[in-house]
Structure formats: C-alpha cells, structure tokens
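Have a look at the model first, then read on.

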Amino acid sequence: MNEPRKIAYFSMELGICADIRTYSGGLGVLAGDTVRAAADLKVPMVAVCLLHRKGYCNQVLDAEGNQTEEPVDWVIEDFLEELPARASVEIEGSEVRIRPWVRDVVGHSGFRIPVIFLDTDLPENDDTHQGLIHHLYGGDLRYRLCQETILGIGGVRMLRELDYDDIERFHMNEGHASLLTCELFRERLRDSGPEGLDDETIEAVRRQCVFTTHTPVPAGHDKFPLDVVQGVLSERNTDMLEALSCLDGSLNMTYLALHLSHYVNGVAKRHGEISSLLFAPYAIDSITNGVHARTWVSPPFQDLLDQHIPTWRDDSYSLRNAVSIPNHEVWEAHDWAKQHLIHYVNRMADAAMDPGVFTIGFARRSATYKRGDMLFDDLDRLRRIHDNVGRIQIIYAGKAHPQDDGGKEIIRSIFRARAALKDKIEVAYLANYDIDLCKMMTSGVDLWLNTPEPPLEASGTSGMKAALNGVPSLSVLDGWWLEGWIEGTTGWCIGRAERTSAEPGDREKDAEMLYDKLEFLILPLFYQDRDRFVDIMRHCIALNGSFFNTQRMMAQYVLKAYFG
Ligand SMILES: *Cc1c(COP(=O)(O)O)cnc(C)c1O
C-alpha cells in the first residue's frame, strides 16, 4: 500500500509550516528542513512526530516585557489527514491507543515524504492519557517520559501498522526517541524477554540506529529517575533497559541512544568534538546543520536568483555564483525585503522605524545562555555610536519557555533598555517568533546578531538563513559560525575561536568587541562604503548559502549515516 521506505526519521518536534504547531524552535525547524531536503533528494524516508494538539505556546507580552502564555488551538483537520490504522503502547499499566495523522512533504520534483503525527486523544483512552500528546515540552518528568514512550515505542509500532516493513535505519533526532530501541529489541526477540539478549542481537539493533545529538552540556540531556521509569514503562521494557545496563539509578536517554547506534553525530564540527569529550568513549562524528534554501530565501531574492542562477532551486552548490550578481541588484532585492519587514514592525509593534537606517536583528528562543540583552550592556556607548558613527535600529523576537524565569527576565531587560533608549534608538520586540517571522527577520535586517555563551550553541541555524538572504552575521565564535566565519568577508566575530568554556570577564570582553566591531568596521562600511558592504552580502550567499544548506547536509547523512 505504501511506497517502500528505508529511513524512519523520529523527532519530538517537527516544523512543516508556521501554522502546524508541532515545533518550538531550532530543533523542530531543522527537522522540517531535513524532511524537505530528503523529499528534494528523493531519499526514501518516512518521518514520525507527536501531534501536539495544543502546540508550544502563544506568547503575550505586556508593556514591561512580562511574558505570559496562552494555549494554542490549531485546527488539525485543516492541515493533516487522519488515517484509519491504530497502534497501542503500554503506559502506566494501561494500553494506550494511538491514532496516526499524515501530511506529505513534497519535494522539488514531486517526491513525497509522509510525516506521521501520533495522537492519543481518543475516547477509548482515559482522560490523562488523552492529554499526553497535547503540550510540546509541557508538564513534568512523568509527562515527558510518557510522550517519549509514545514517540519511540508507539512510533515504531505505528510504522509497522502502516506496513513500513523495509526500514533499514531509524534516525533519532535528539534523545527523545531513544526508546524506539526497546521496540526494535522486542521485534527481534519476539516473545522471549531480556534473557534472549545476546551480542548479535545488540549489534543487529545498532546497525538499524542512527543518533544525532544537539546539546553540548550534560544538563541538557533528558534523564528520568528510576521511580518515574518504573511507573511509566512496561516491566518488559524496564527489564530490557536493565539487561542493556542502561538503567543505572536513572534512565539517560542520550546514553541509551549512544549505546545502541552505529552512527552518532553532533551538529557542527566543534559540537562533535565537545560531544566526543563529554561522551567518551563513544565515537561521535559531526554533520554540520544546514537550512532548506527554497524555504528560507525571501521572495525578492528568489526572483534575483532565478534570473542569475536558474539552477539554484535544485542545486544549492550553484549558489556559489552569487558573487557575480551585480551589486545594485543585490541591494535592490535586500531593500525590498527590508521594507517589507519594517512595515510589519511599524504596524505590529507600534514602532517608527526607517528603512534607510542600519537595522540589527536578534531572534531566537530566549534562553539565558543566548545572552540576548548583551547589546544593551553599555547604553551610553550604544548611544554614542548611534550619534557619531551612524544611526541604528534594532528588532528582537523570541519566546522564553513558560517555566524559564531566566529567559523571561532577559525579555524584560530588553524592554527596559528599549524604554531607556526611547526618542533616540528604535527598539522593537515582536511577539510570537515562528517560522514566518523568522523568514521576515533573517531576510529583512542588515546584520544578524548572535551572542551565545560558548560552547552552548551546538550549531545555531538562523544565521544560515540570514546568509542565504545576503545578511552578514556578527556572532560569537561558537557552533556553525566557527565554520562560516571569514572576518570581513562573510561577517564579523565576537570573542576568540579557542574558547570552549566560560571564563571570568567573558561577558564584558564580548560586549566590548561587539561595540568595537559596530563602531569601527560595520557601520562605517554600511554608511560610507555601501559597495563593499554589498560585496560582503554576495559572499554570504556564495560562500555560506552554498554550503550551510540541507541539501549538502542530507547528502552527508545519506553517505555517512544511512548507507554508510
Ligand atoms: C531557525 C529557527 C530557530 C533556530 O534559530 P537559532 O539560530 O538556532 O537559535 C528557532 N526558531 C525558529 C522559529 C526558527 O525558524
């Protein structure tokens, strides 16, 4: 009935478009771009995710920048098709029934990749189990483990119900799906329990599994205490985990995936190295992330590229020819995208921004390690730069996780700076950062700013989206920027490349370098040497757009992970 599929891609979140609310940030958007690239390249893949009926959250910001959240209700039937199959999984001693919904992601030449969304909101399940797929990253540890059971174990069972019997590789996008390994053991051992476990079976499951880790610090990895594990999982599965030596006082989802995958990768070169140290002796390779070019290039740049590089839509490598597009045409396309953004900001955020003014963009999850308010560490210096070197305006966006007080405080701090700079520098904070807003921002600003604390930015992808639209980055050297940075050619750096841990005085030094680069390099170029500024824009597309895309990334997964 179904087209044969060799790769099953599992992700807790997956962003297909802004209105399908099954993603929160970078991980989910990357998963969406991965599936889009697989469809373009006709990789025989099927993807699995949870339905997240109530999505992540809607962000409400008051005048002081206090964030509160509203539930999201999206109309599933408008976007997904229900399938008649049913699977079930044991959770807390009950059989929980799962219903699949599907949405096909269609590639450049019409090839389709089905994305299966798992739903437990069925009348035959009891109330608590109906709600298990409602909230993305909501609830407590028990809730999270229930979700991961549905994704991992329920996901494999659902694929079997849907007749996907030829799958050779199960790709776990982050540790949330690690429990799928238990189900693969069950399939092999059938009715014998863990006593049937031998090296050959373990090796066979390993051959089936691929794991991509996304977090460079131990605290970022899911870990469940024994009592939660015993409360949620079936006895058969806890016995299995114990027999695998993966239940040692607690269940660490990352170790489970590491232990049972024949190929493991980090998402940028530095991240691969850091993860190898963190998880020695496991061998961890790296495949640097990318973004899906056709999705992230703005309409005016799509037109420009169609004229000058007609092959760019199915051959991202050909973006290297962007260096030969005439400067004034690049600027015109950028100006169009910029006007579009500025109109939106003035309308939505009651701002009075001017398209002629140098515009800095910063948008990402408001997590403390991203240090989103660094640009305001020295307001007097910022004012002087604005007065003496060239006018600036600044656009922000990003949600804090509902339980992240530190992330919420950063939003308030940006609002305080905004008030302090009033009448001089325009600052806007746009609510409800999502895929559409990200498209508008990464193409419409003149500079993309990123200030994470090394080594916590595993990769980062929004700077890649900016690069595809000719927008240079000013960024701390971490994640992908260590690979994409050529000083004065693709953008500018903050800090040193060698830094892999927090050192005293980092923040002051980073902020100072941020201001120095703006004052002495970037603003003078923008206002006094526009031609050279636009030359940098062309190099962003040619050098970084042509490489940091999911076409190159997917080709590497195929070679190294799927058929390697
Ligand atoms: C691309 C994207 C991200 C990830 O951006 P980072 O630079 O990795 O922080 C987060 N949220 C949305 C909506 C995105 O489109």
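Predicted model: local features only at pLDDT ≥ 70, side-chain atom pairs only at ≥ 80, totals over all residues.

1. Numbering starts from 1 along each chain as its sequence is written, and side-chain values use heavy atoms, with hydrogens and water left out.

2. The ligand has 14 residues around it, the closest being Lys 370, Gly 460, Thr 461, Ser 462 and Lys 465 (near means a heavy atom within 4 Å). By class, the shell holds 5 nonpolar, 5 polar and 4 charged residues (Ala, Val, Leu, Ile, Met, Phe, Trp, Tyr, Cys and Pro are nonpolar; Asp, Glu, Lys and Arg are charged; the others, Gly among them, are polar).

3. Oxygen atoms of the ligand sit 2.7 Å from a polar side-chain atom of Lys 465, 3.0 Å from one of Lys 370 and 3.0 Å from a backbone N or O atom of Thr 461. The protein covers 95% of the 380 Å² of accessible area that the ligand has on its own (Shrake-Rupley, 1.4 Å probe).

4. Domain 1 (7-220 + 257-290 + 553-562) and domain 2 (340-541) both contribute to the shell, so the ligand lies between them. The bounds come from an automatic or database domain assignment.

5. Asn 469 is buried, at 0% relative accessibility (buried is under 20%, 1.4 Å probe, protein chains only). Its side chain has a polar atom 2.8 Å from the backbone oxygen of Trp 296 and one 3.0 Å from the backbone oxygen of Lys 465.

Definitions and conventions:
Polar contact = N/O pair within 3.5 Å; in protein donor to acceptor, adjacent residues only side chain to side chain. Buried < 20%, exposed > 50% of the residue type's maximum accessible area, 1.4 Å probe, protein only.
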